[in-house]
Amino acid sequence: MPSPAPLRQPRVKGFFDPRTFSVQYVVSDPATGQCAIIDPVLDFDEKSGSVATANADALLAYVAQERLAVAWILDTHPHADHFSAAQYLREKTGAPTAIGAQVVEVQRLWQAIYHWPELKTDGSQWHRLFAEGERFRIGTLDAHILFSPGHTLASITYVIGDAAFVHDTLFMPDSGTARADFPGGSAGLLWDSLQEILALPEETRLFTGHDYQPGGRAPLWESTIGDQKARNGHIAGIDREAFIALREARDRTLPMPKLILHALQVNIAGGRLPEPESNGQRYLKFPIGALGDVRWG
Ligand SMILES: N[C@@H](CCC(=O)N[C@@H](CS)C(=O)NCC(=O)O)C(=O)O
Ligand SMILES: [Fe+2]
């Protein structure tokens, strides 16, 4: 009897964080129980400076309940609105961490903004740096990388079986696309990245990284290429020039994320909090006025 063909469709479980409107994923291989965690959130309260692990622990509880084995801890980009829980999960699971190879450029950019000469800008804070076209496996599932810059210099898309984790490129069709005005962002590059994503097979399931719940609707995070082409107001009937104009016009109305200065200094270090000072206390550092002429929130 021939053995059955391996299952190529990952099981995808999304976990929504209402504090940051982020979606975290556990993507598992039904055939082997191997899984990847994508874009885990480390909780942070900027009012008190408190850090907690409720989101990350919920991912671990699911992993334990489903008897999964964590093979990878993946980030799509260095996030500007929340801390990555990659390092916490690395310590808990022993699994390797990864991010896009151009993270080294983001490290250099923010090293200058923070005046942080000790920061290593070689990406050595992760176990693996993924470049366009690279392949890896999660159990029997094939995964490959699209380089998807625009929102950040280093953004990547993880294509795992029939699922693509597009994070901050496309949001749900009623929510358009991600902003492209952070340091290193580019509306033109974002458009080009969107075209590569939209060229994936029509049946590809798309999983977004945020949902800002327009009109107060319940959070949603799964769409298809067909939905996006038909209904996303930043895609349907829009060309590159029109996209750049509408993206840049909207970006001019957006204040910086409230945690951008907190989050980047943790996330360009792979989700590590700053080292404690001689009194045992950890501190964050903010540049004053370094982001230029921004809209106040
Ligand atoms: N109000 C949120 C905004 C976060 C934000 O700017 N999110 C980015 C993704 S990291 C985005 O693309 N937002 C699109 C938008 O707000 O239209 C915050 O302060 O954290
Ligand atoms: Fe983002």
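I started at ligand 1: a backbone N or O atom of Lys-258 lies 2.9 Å from one of its oxygen atoms. I count a polar contact as a pair of N or O atoms within 3.5 Å. This is a predicted model, where local features need pLDDT of at least 70, side-chain atom pairs count only at pLDDT 80 or more, and totals for chains, interfaces and linings use all residues. Residues are numbered from 1 along each chain as written, chains are lettered from A and ligands numbered from 1 in written order, and side-chain values use heavy atoms without hydrogens or water.

I then looked up side chains at ligand 1. Arg-179 places a side-chain N or O atom 2.8 Å from an oxygen atom of the ligand. Tyr-212 has a polar side-chain atom 2.7 Å from a ligand nitrogen atom. I listed the surroundings too (a heavy atom within 4 Å). Among them are Asp-81, His-151, Asp-168, Phe-171, His-210 and Arg-250.

Next I turned to helix packing. Helices here are DSSP runs (H or I, at least four residues), numbered from the N terminus. Axes are lines fitted to C-alpha atoms over the stretch in contact, with angles from 0 to 180 degrees between N-to-C directions.

I checked H4 (residues 187–198) against H6 (residues 240–251): the axes come within 9 Å and cross at roughly 125°. H4 and H6 are therefore oblique to each other. Oblique is what remains after under 35 degrees (roughly parallel), over 145 (roughly antiparallel) and 65 to 115 (roughly perpendicular). For contact I used heavy atoms within 4.5 Å. On H4, the residues include Leu-190, Trp-191 and Leu-194; they meet a set on H6 that includes Phe-243 and Arg-247.

The contact involves Ala-56, Asp-57, Leu-59 and Leu-60 of H1 with Tyr-88, Leu-89, Lys-92 and Thr-93 of H2.

Terms used. Helices (H or I, at least four residues) and strands (E, at least two) are DSSP runs, numbered from the N terminus. A polar contact is a pair of N or O atoms within 3.5 Å; within protein, one must be able to donate a hydrogen and the other to accept it, and residues adjacent in sequence count only if both atoms are side-chain atoms.
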